Amino acid sequence: MAWYVEQRQLPDPRVDADVERSCTSKQQYASEDDAHAHALMNGMGDVLYSYECRYCGFWHLTRRPPPR
Ligand SMILES: [Zn+2]
């Protein structure tokens, strides 16, 4: 996991804690299609956005549009 620490300009322990919590509490999907398929199955296809997590490398679902 050292690669993302090196990329960050200002390491923030609070962010790491948030990420660790979200990555372990959120479902992890192997691909965007997998994530989106689960959103659709839950009837949330119009509500949830899938995004590739820059921390764990898997895909998560979020209600917020991911920043580009
Ligand atoms: Zn993650």
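Good morning. The model is predicted: local features need a pLDDT of at least 70, side-chain atom pairs count only at pLDDT 80 or more, and totals for chains, interfaces and linings use all residues. Residues are numbered from 1 along each chain as its sequence is written.

I begin with confidence. Among the elements of the chain, α3 has the highest mean pLDDT, 96, while helix α1 (residues 2–7) has the lowest, 58.

Next, the overall architecture. Three helices and two strands make up the secondary structure. Both kinds of element are DSSP runs numbered from the N terminus: helices are H or I with at least four residues, and strands are E with at least two. Their order along the sequence is α-α-α-β-β.

How much of the chain is buried? Of its 68 residues, 6% are buried. The term buried requires 20 or more other C-beta atoms within 10 Å of the residue's own; exposed means 12 or fewer, partly exposed lies in between, and the C-beta atoms are placed from the backbone. As for contacts, two residues are in contact if their C-beta atoms, placed from the backbone, lie within 7 Å. Among contacts with a separation of 6 or more, 42% join residues 24 or more positions apart.

I turn to the strands. β1 (residues 49–52) pairs with β2 (residues 59–62) in the antiparallel sense over four bridges; pairing requires that DSSP finds at least two bridges between the strands.

Two sit in the loop between α2 and α3. Lys26 is in that loop, and its C-alpha lies 6.7 Å from that of His60, although 34 residues separate them in sequence. Lys26 is partly exposed because 15 other C-beta atoms lie within 10 Å. Ser31 is also found between α2 (13–25) and α3 (32–41). Why does Ser31 count as exposed? Ser31 counts as exposed because it has 12 C-beta neighbours inside 10 Å. Its C-alpha is 8.0 Å from that of Glu52, at a sequence distance of 21 residues.

Further along, Met44 occupies the loop between α3 and β1. With 14 other C-beta atoms within 10 Å, Met44 is partly exposed. Met44 and Leu61 are 17 residues apart in sequence, with a C-alpha to C-alpha distance of 9.9 Å.

Finally, Arg64 lies in the segment after β2. Arg64 is exposed, since 8 other C-beta atoms are within 10 Å. Between the C-alpha atoms of Arg64 and Leu48 the distance is 7.3 Å, across 16 residues of the chain. Thank you.

Technical notes. pLDDT = per-residue confidence, 0-100.
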